[in-house]
Amino acid sequence: MDKKLALTLYQKMLQLREFELKVQELYRRGLLPGFVHLYVGEEAVAVGVCANLQPTDLVYSTHRGHGHALAKGVPGREVMAELWGKSTSSSGGRGGSMHMYAPEYGFMGTNGIVGAGIPLATGAALSAQLRKSGQVVVAFFGDGAVNSGSFHEGLNFGAVWNLPVVYVCENNLYATEMAFRRATKNTSVQSRAAAYKLPGVEVDGSDVVAIHAAARAAIEQARSGGGPTLIEAKTYRFVGHHEGDPGTSYRTREEVEEWKGRCPIKSLRNKLLQDGGVSLESVEQVEREVHEWLDEAVQFARESPEPEASTVYDHIYS
Ligand SMILES: Cc1ncc(C[n+]2csc(CCOP(=O)(O)OP(=O)(O)O)c2C)c(N)n1
Ligand SMILES: [Mg+2]
């Protein structure tokens, strides 16, 4: 991979990681209202996929969606302000973690309903096809979504209409505390693509370069009229299901440590320094920039005004 691109992917992944660790800290201090599911450990998936998208392409996300929003290009300050319930983000502080929309960046929402993004993305892809807009739509979803009717209906519909959509399963092996191997007999998500006569690809979710390549092929195919692909990224969350779940009662410490050892960010850093021909100064420069970016985002969110009380009835149907 081109050095410059690899360094950009490193920077993006680090932004996602540092952002989530900051959210964890602020949430624990009681500063962020609502409920948060953090993306720590899974950064390579959102970053590798979204680096291939155009600003006008669309992403449909999940309950674990801060990383998808950032990777699609929603500014960190806006995502942070939304989590803080402030008025300065595109959802005006009303969406929070799980109902955060920023259509001006092609970010079509996090979603609290498991599996619900799949039919939404499929419908958006039908719209793109009818309008001949050239847009590609990506649906992110977890292993918890693939035994739901929405997965079957969405993939079947996407396949039969040959839609410009890419289905990306972030298989982190658990849906809350339910191990995927206990929830299904066929634990290969990509193999299910064959049932819809779609290509299915399994990729190492800790390897951003591999994800980038798989997503590029799938996105090019979708854009050129070749229809959907199902990508299964094998990944892992280093933290609990949500803030409040220690994540230790249903996973062994050994398993968690083993996956942490395959950290996508550390491993790309090592590769860049060892055989990527990137200097330590360049890597450290990127790291400084990420910290400045995050400080600015937090300051912006903290200082942003709350929504005016007089707007409480806005966006409400009667
Ligand atoms: C339709 C539906 N059923 C159940 C829930 C409760 N729930 C929230 S997150 C979650 C697990 C989702 O697991 P997965 O799709 O694998 O995503 P992950 O949390 O692992 O990223 C469940 C069951 C829900 N939000 N929506
Ligand atoms: Mg899961």
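## Where α1 meets α2

L9, K12, M13, L16 and R17 of helix α1 touch E43, A44, A46, V47 and G48 of helix α2; two residues are in contact if their C-beta atoms, placed from the backbone, lie within 7 Å. Sorted by type, the residues of this contact are six nonpolar, one polar and three charged. Here Ala, Val, Leu, Ile, Met, Phe, Trp, Tyr, Cys and Pro count as nonpolar, Asp, Glu, Lys and Arg as charged, and the others, Gly among them, as polar.

This is a predicted model, in which local features need pLDDT of at least 70 and side-chain atom pairs count only at pLDDT 80 or more, while totals for chains, interfaces and linings use all residues. Residues are numbered from 1 along each chain as its sequence is written, and chains are lettered from A and ligands numbered from 1 in the order in which they are written.

## How the two helices cross

Two packed helices are described by the angle between their axes and the distance between the axes. Helix α1 (residues 3–28) packs with α2 at an angle of about 135°, and their axes are 9 Å apart. Axes are lines fitted to C-alpha atoms, for helices over the stretch in contact, and angles run from 0 to 180 degrees between N-to-C directions. Helices (H or I, at least four residues) and strands (E, at least two) are DSSP runs, numbered from the N terminus.

α1 and α2 are therefore oblique to each other. Angles under 35 degrees count as roughly parallel, over 145 as roughly antiparallel, 65 to 115 as roughly perpendicular and the rest as oblique. The crossing of this pair is right-handed: a crossing is left-handed if the near helix is turned anticlockwise from the far one by less than a right angle, and right-handed if clockwise.

α1 passes α10 in a left-handed crossing. On the α1 side the contact uses A6, L7, L9, Y10, M13, L14 and R17, and on the α10 side P264, I265, L268, R269 and L272. These residues divide into 10 nonpolar, no polar and two charged.

## The sheet and its helices

Now for the strands. Five of them form an open sheet in the order β1-β2-β3-β7-β6, with parallel pairing; two strands pair if DSSP finds at least two bridges between them. β1 (58–60) and β6 (200–204) stand at the edges with a single partner strand each, so one side of each is left without a neighbour in the sheet. From one strand to the next, the twist averages 20°.

β6 runs parallel to β7 (residues 229–234), and five bridges join them. Across this pair, D204 stands opposite K234 in β7. Helix α2 (residues 43–50) lies across β1, β2 (137–142), β3 (165–171) and β7, running at about 165° to β3. Helix α5 (residues 117–131) packs on the sheet too, touching β1, β2 and β3, and its direction makes about 170° with that of β2.

## Around ligand 1

Which residues come nearest to ligand 1? Of the 15 residues around it, they are V114, G142, D143, G144 and A175; a residue is near a molecule or strand if its C-beta atom, placed from the backbone, lies within 6 Å of it. The shell around ligand 1 holds five nonpolar, eight polar and two charged residues.
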